Each structure stands twice: as C-alpha cells, then as structure tokens.
Amino acid sequence: PSPRTVALLSQALRQLRTKNFAWKLRVGSGARVKRFVRPPVSCIQSLAGTWNLALNRAMPFDTRVLSEGAMQFSLAKSLLPARPRSAAFKGPLVFVVLIHTPDDLEMIDIVMNSPISPLAGEHFVVIPDTRIYQNKSLTAALDKISQSWGSTISVVSSEHAIAGTWGGFSLVYKELVGYLYALALVPNLSHTVLISGTSAPTSSLTALRKFLRPGVSYFYSEKIRSGSVEEPRVALQIWECAGKQFGFSWNRNLLKPSVAKFTKRMWKGGQWKILAGTHLDRMFRGDLASKLDEYVQILHHTFIMDEHLLPTFLTHHIPPEERVNGTFMGVLWEDGRPLPVTQRSLFSQLYFYSLFFFARKISSPDDMEAVLELTSQADLLRSMPAWSDCSFVPGGDRPIAKAHCREDTPLELRRN
C-alpha cells in the first residue's frame with residue numbers, strides 16, 4: 001500500500017484503541033450512522049491490514065484474514081465420514097437447529113422429545129451459540145437437558161461453536177458446521193432441514209417426506225437486480241470479533257462484477273433451507289468443495305451472507321431440475337419485523353401456516369406446546385383439494401407449497 005494508505009490505516013487503529021467512534025454510510029439517497037464500541041486488542045490485531053473505515057472507499061481486501069468462525073469451520077471438516085455412493089443418499093432427514101437463547105433450548109427440546117411433536121425421535125443437530133458455552137449456568141443447563149437426548153441427537157461441541165451476530169458471516173459458518181455434523185451423524189442422509197430454536201413443525205413428518213424429492217434442494221432465491229433495494233446491502237463489508245460487530249465499510253466493486261473478485265450475479269434468499277444430501281456431499285467432499293471455499297474466501301466480510309451466499313452458490317452450481325424455489329418456513333411480518341407466533345395467532349392464520357411446513361418465532365415454551373397441538377389440524381387442511389388450487393399466495397417469501405403452482409401442473413403434484 002502507499003504511504004498515505006498506511007498512514008490512514010494507522011490513524012484508524014489509533015482511534016479504535018482510544019475511544020468509541022461513529023461512521024456515516026450512504027445507502028442510496030439516505031444516510032445511516034452506526035456507533036461501535038472499542039474492539040479488544042486481539043480483534044484490532046486480526047483486523048490490521050484489512051481495515052478500511054478511515055478511507056471511506058473501496059480497497060482490495062486481504063481474503064487471508066477470515067472472519068469469526070473460519071477456524072471452527074476448518075476444524076469441523078475433520079468430522080466428515082467416508083464418502084458413500086451418491087445413490088445411497090436415501091437415509092433419514094436431519095434437522096439442523098440454530099440455538100441462541102435458553103428459551104430456544106427449552107423449546108427445541110419440546111420439538112425433539114414431546115409425545116405430541118411429529119418430529120419426536122428424529123435426527124437432530126443442535127448448534128448452541130458460543131455465548132451459551134461461555135456462561136457456566138447456561139452450560140450446566142445444556143448439559144442437564146441434553147442428558148435425556150438419545151443417539152439421534154448431536155450437539156455441536158464448544159470447540160466448534162461460534163458466536164453469531166445478525167448480518168455477520170458467522171451465521172454462515174454456523175450453518176456450514178451444522179451440515180458437517182449432520183453428515184457425521186447420518187452419512188447417507190436424504191435432506192437437512194435448517195430451522196431455529198423458535199421453529200415449530202406445522203405438518204406431520206409423513207407429509208414433509210411425501211413432499212420432498214430425492215436429490216432436490218428447496219430454498220428461496222431471487223436475483224438481485226440493478227437498482228433494487230437489496231443491491232446496496234451486498235456491497236457492505238462487516239467485521240466481527242468476540243461475538244460483536246466492529247465496523248461497516250462500503251465496497252462498490254461488489255456492484256460491478258466485471259472488476260470485482262466475485263464475478264457471479266448475487267441472489268437473495270432466506271436463511272432457512274432444505275438441502276439434499278447429494279448436494280451437501282458435492283459441497284464438502286465432491287466437485288463443488290473448492291468452489292464453495294472460493295465463495296467463502298471472497299465473501300466472508302460481506303453483509304447478510306446467511307441469506308445470500310448459499311442461494312447464490314446453489315443457483316449457479318446446481319441444475320434447475322435439482323432445486324425448487326420456495327420457502328418451507330412460515331413467518332408473518334409487520335413493519336419489517338417478524339410477528340411472534342402464539343396458539344391464538346396460529347389458529348387464526350391456520351391457512352397461511354398450512355402453506356409451509358414450519359412456523360417461526362414461537363414466543364415461549366408454553367406456546368410451543370400449544371402450537372404443536374394444532375399441527376394435526378394444519379395437516380388436515382393441507383390434505384384438502386382447495387389447499388392446492390393456487391388461488392391464495394400471501395405476500396413475502398414464496399411458500400414452498402406453491403412452488404409448482406402452474407396451470408400445467410397436475411393436481412397430484414401440487415398437493416404433494
């Protein structure tokens with residue numbers, strides 16, 4: 001770098017060491033100000049060489065400096081078992097669960113073990129946040145509650161745990177580590193289903209299995225077009241350390257694929273995905289492994305990649321006949337925020353939630369049990385012919401149930 005660049009970076013690091021700071025970032029015609037706390041010294045050292053807040057303009061990024069979670073992801077790769085034959089991916093489903101709070105832990109325990117849960121006794125990978133392991137009382141609670149879990153439930157160890165932050169790449173690493181654990185738990189798994197601790201099934205396991213097809217992944221994706229509201233978000237660069245975010249910067253080069261290291265058109269999706277075992281095998285042990293590592297290396301500082309990276313990656317590398325564009329997670333939104341799900345709200349919106357296989361943002365363990373009691377009613381509604389008439393498509397994410405809603409689609413396929 002030039003002497004001026006070195007001087008500016010040094011100035012930025014001195015500011016980080018001495019005080020809190022704020023930076024203004026222009027997105028479109030508006031301006032946003034975010035205030036950050038002072039990072040620990042260890043974080044400052046890891047950021048040296050890539051920090052460009054002081055420049056307020058795009059700079060080349062040192063992709064060797066990875067964001068939080070890279071080491072845990074690398075270590076977790078050692079869990080991969082021997083590669084089975086591609087045709088052998090006909091095993092059970094594995095539900096991969098992101099856990100952030102003690103309530104999440106209690107609610108997912110109900111989903112995994114309650115007699116009224118349609119998923120009781122199934123295969124699960126539970127991913128506790130690092131902050132649960134860092135709190136002695138929470139670790140004790142995890143140890144106590146997990147003692148009753150059988151061999152079909154695997155818990156990501158403290159060695160591989162990651163502190164996630166909203167919009168940070170750490171959430172991508174948590175998801176990828178969860179898939180590695182899933183393959184270690186069931187090497188010939190049919191599909192993984194990524195959910196959170198606040199998610200409740202709204203269908204029987206039989207209905208879900210009947211819907212899924214071997215070798216097909218299900219995830220929502222939409223091309224990010226020039227001038228869209230999503231476009232500026234993928235040009236944000238973010239740094240994480242110790243479970244906190246310490247800065248945004250603006251990399252306009254990501255909006256110009258011809259001059260950026262990342263040359264693919266970005267796709268927006270959702271965090272919640274159902275991925276085929278055959279695709280996971282290709283991503284971690286097959287022909288797509290090096291390509292996935294390349295995406296991670298280039299985009300590991302990019303904002304909200306938990307909703308963008310894998311939808312973009314799979315859209316570019318998986319044939320159209322092996323993916324279905326839709327979401328299986330039902331969430332109602334109001335003023336840009338997800339509405340909590342209670343027994344009353346689920347019952348009043350039963351038709352909406354019957355279009356999906358899970359409802360998210362359950363409010364409490366008591367509400368979780370109440371929602372599970374309604375699952376059979378949603379399943380009954382799903383079996384009715386009117387459910388598949390494609391006349392009702394709610395706003396927001398595209399329901400997976402309507403993914404095949406076309407005039408030339410046979411009724412049997414729509415229902416399944």
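Are F73 and F284 buried or exposed? F73 is buried, and F284 is buried too. Here buried stands for under 20% relative accessible area, exposed for over 50%, and partly exposed for what lies in between, with a 1.4 Å probe and protein chains only.

1. Basis. This is a predicted model, in which local features need pLDDT of at least 70 and side-chain atom pairs count only at pLDDT 80 or more, while totals for chains, interfaces and linings use all residues. Residues are numbered from 1 along each chain as its sequence is written, and side-chain values use heavy atoms, with hydrogens and water left out.

2. Whole chain. The protein chain has 16 helices and 18 strands; these are DSSP runs numbered from the N terminus, helices being H or I with at least four residues and strands E with at least two. Of the 416 residues in the protein chain, 54% are buried. Among contacts (heavy atoms within 4.5 Å) with a separation of 6 or more, 78% join residues 24 or more positions apart.

3. Helices α7 and α9. Helix α7 (residues 170-185) packs with helix α9 (residues 277-285) at an angle of about 110 degrees, and their axes are 11 Å apart. That makes α7 roughly perpendicular to α9. Angles of 65 to 115 degrees count as roughly perpendicular, under 35 as roughly parallel, over 145 as roughly antiparallel and the rest as oblique. The axes are lines fitted to C-alpha atoms over the stretch in contact, and angles run from 0 to 180 degrees between N-to-C directions.

4. Their contact. On the α7 side, L176, Y179, L180 and L183 meet L280, F284 and R285 of α9. The residues of this contact divide into six nonpolar, no polar and one charged.

5. Aromatic pairs. The structure holds nine aromatic pairs, that is, rings of Phe, Tyr and Trp (its six-membered ring) with centres within 6.5 Å; planes under 30 degrees apart are stacked, over 60 edge-to-face and the rest tilted. For F73 and F284, the ring centres are 6.4 Å apart and the planes stand at 65 degrees, so the pair is edge-to-face. F73 lies in helix α3 (residues 70-76) and F284 in helix α9, so the pair ties together parts that are 211 residues apart in sequence. Ring pairs also link F73, F169, Y173 and F284 into a cluster.

6. S114. This residue is found in the loop between α4 (102-113) and β4 (123-128). S114 counts as buried because its relative accessibility is 13%. Leaving aside residues up to four places away in sequence, S114 touches D109 and A120.

Key:
Nonpolar A, V, L, I, M, F, W, Y, C, P; charged D, E, K, R; others polar.
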